[in-house]
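Morning, everyone. I'll start with a term, then walk through some residues, the core and the pockets.

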Amino acid sequence: MNEEWNQWHPREGLAKRYNVRNITEDHTGFAILFSEEQHDNRGLRISFGYAAGSYRRIDETLCNELIGQLELLHGKNFYSQWTFFIVHNLNYAKWLNEYSLEISDYIGYTHFSFFMSESIIDVLATRPPTFSDVDLS
């Protein structure tokens, strides 16, 4: 596994685990709305604006190899007790670079990964997203 997964702590006060409520791409750019796993009425909106060049969502049941490798290298709590990650050398970023004829490397995307109990969302973006709390009650 050449991939390097690092827990990302972008700000104070984040819950450990979130679930996806909504993914949007509209006139304001790309955003993900999360709800806290323990408090469904507490939301978190992560907005990449137009910084996201590519994103994908994968059902967790299709990620058995990744989960096994992360557990072997870091232990189960590494991915099961946190949502936010920055990843280096992931095949997804390599694929985009090949697909774009190496333009994506020139642009300089950072790979943000959001690991939830039901899915994984990968976002390649030129800058970190902004965070805003949302009341979902």
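A polar contact here is a pair of N or O atoms within 3.5 Å; within protein, one must be able to donate a hydrogen and the other to accept it, and residues adjacent in sequence count only if both atoms are side-chain atoms. Here is one: the side chains of Tyr-55 and Glu-25 make a polar contact at 2.9 Å.

Now the ground rules. This is a predicted model, where local features need pLDDT of at least 70 and side-chain atom pairs count only at pLDDT 80 or more, while totals for chains, interfaces and linings use all residues. Numbering runs from 1 along each chain as its sequence is written, and side-chain values use heavy atoms, with hydrogens and water left out.

Stay with Tyr-55. It sits in strand β5. Helices (H or I, at least four residues) and strands (E, at least two) are DSSP runs, numbered from the N terminus. Is Tyr-55 buried, partly exposed or exposed? Buried means under 20% relative accessible area, exposed over 50%, partly exposed in between, with a 1.4 Å probe and protein chains only. Tyr-55 counts as partly exposed because its relative accessibility is 35%. Which residues does Tyr-55 touch, leaving aside neighbours within four places in sequence? Contact means heavy atoms within 4.5 Å. The list is Glu-25, Phe-30, Tyr-92, Asp-122 and Val-123. Phe-30 is 25 residues away along the chain, with 9.1 Å between the C-alpha atoms.

Next, two loop residues. Ser-100 is in the loop between α3 and α4. At 19% relative accessible area, Ser-100 is buried. A polar atom of the Ser-100 side chain lies 3.2 Å from the backbone oxygen of Asn-97. Pro-129 is in the loop between β8 and β9 (130-135). Its relative accessibility is 8%, so Pro-129 counts as buried. Beyond four places in sequence, Pro-129 is in contact with Trp-8, Ile-46, Ser-47, Phe-48 and Phe-112.

On to the core. In soluble globular proteins, nonpolar side chains tend to be buried together. A nonpolar core is a set of buried Ala, Val, Leu, Ile, Met, Phe, Trp, Tyr and Cys residues joined through side-chain atoms within 4.5 Å. The largest one here has 36 residues, and Trp-5, Phe-84, Phe-114 and Phe-115 have the most contacts inside it. β8 gives the largest share of this core, 5 residues. Take Phe-115: residues it touches, not counting those up to four places away, include Trp-5, Arg-17, Leu-66, Tyr-79 and Ile-120.

Last, the pockets. On a 1 Å grid over the protein atoms alone, a pocket is an open set of points where a 1.4 Å probe fits, with protein on both sides within 12 Å along at least five of seven lines; lining residues have an atom within 4 Å of a point. Points are joined across faces, edges and corners, and a volume is the space filled by probe spheres set on them.

The largest pocket holds about 340 Å³. It has 20 lining residues, and closest to its centre are Glu-3, Leu-66, Gln-69, Leu-90 and Asn-91. α1 gives the most to that lining, 4 residues.

The second largest pocket holds about 230 Å³. It is lined by 15 residues, with Ala-93, Lys-94, Asp-105, Tyr-109 and Leu-124 nearest its centre. Here α3 supplies the largest share of the lining, 4 residues.

That's my tour. Over to you.
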